[in-house]
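This report goes through a protein model, from its overall make-up to single residues. Please keep the sequence and the structure in view while reading.

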Amino acid sequence: MTHPVYRKTAEGLRTVARSILTAAQAKNRDKVMELAGDLSEACAACHQVFRDPEGPKGFGDTSVRCKVPAGK
């Protein structure tokens, strides 16, 4: 079973990535640039919990970068 916070943050990343892909396919550089901040925020939302040592959930083991720790 996937950790619910991981699932939510991954879905946020997927949503913004799809928006960026659509904008890129339309060759809409301004929209891609506008969404870059959203992409950064989507990555950070997951990293703060599952990657960064100071993560609020204490999952900050960098050996599991961008992966759900076992048993969580």
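Predicted model: local features only at pLDDT ≥ 70, side-chain atom pairs only at ≥ 80, totals over all residues.

Residues are numbered from 1 along each chain as its sequence is written, and side-chain values use heavy atoms, with hydrogens and water left out.

The protein has two helices and zero strands; helices (H or I, at least four residues) and strands (E, at least two) are DSSP runs, numbered from the N terminus. Of the 72 residues in the protein, 25% are buried. Buried means under 20% relative accessible area, exposed means over 50%, and partly exposed lies in between (1.4 Å probe, protein chains only). The protein exposes about 5,200 Å², and carbon and sulfur atoms supply 54% of that area.

Two packed helices are described by the angle between their axes and the distance between the axes. Helix α1 spans residues 4-25 and helix α2 spans residues 29-50; their axes come within 9 Å and cross at roughly 165 degrees. Axes are lines fitted to C-alpha atoms, for helices over the stretch in contact, and angles run from 0 to 180 degrees between N-to-C directions. α1 and α2 are therefore roughly antiparallel to each other, a label for angles over 145 degrees.

Contact means heavy atoms within 4.5 Å. Residues of α1 that meet α2 include Leu13, Val16 and Ile20, and those on the α2 side include Leu35, Leu39 and Ala42.

Leu39 is found in helix α2. Leaving aside residues up to four places away in sequence, Leu39 touches Leu13, Val16 and Ile20. Leu39 and Arg14 are 25 residues apart in sequence, yet their C-alpha atoms are 9.3 Å apart in space.

Lys27 sits in the loop between α1 and α2. Most residues other than glycine have a negative phi. Lys27 is not a glycine, but has a positive phi of about 55 degrees.

The table lists the accessibility of both residues.

| Residue | Relative accessibility | Class |
|---|---|---|
| Leu39 | 29% | partly exposed |
| Lys27 | 75% | exposed |

How values were computed. Parallel < 35°, antiparallel > 145°, perpendicular 65-115°, else oblique. Areas by Shrake-Rupley, 256 points an atom, 1.4 Å probe, with all protein chains shown as cover.
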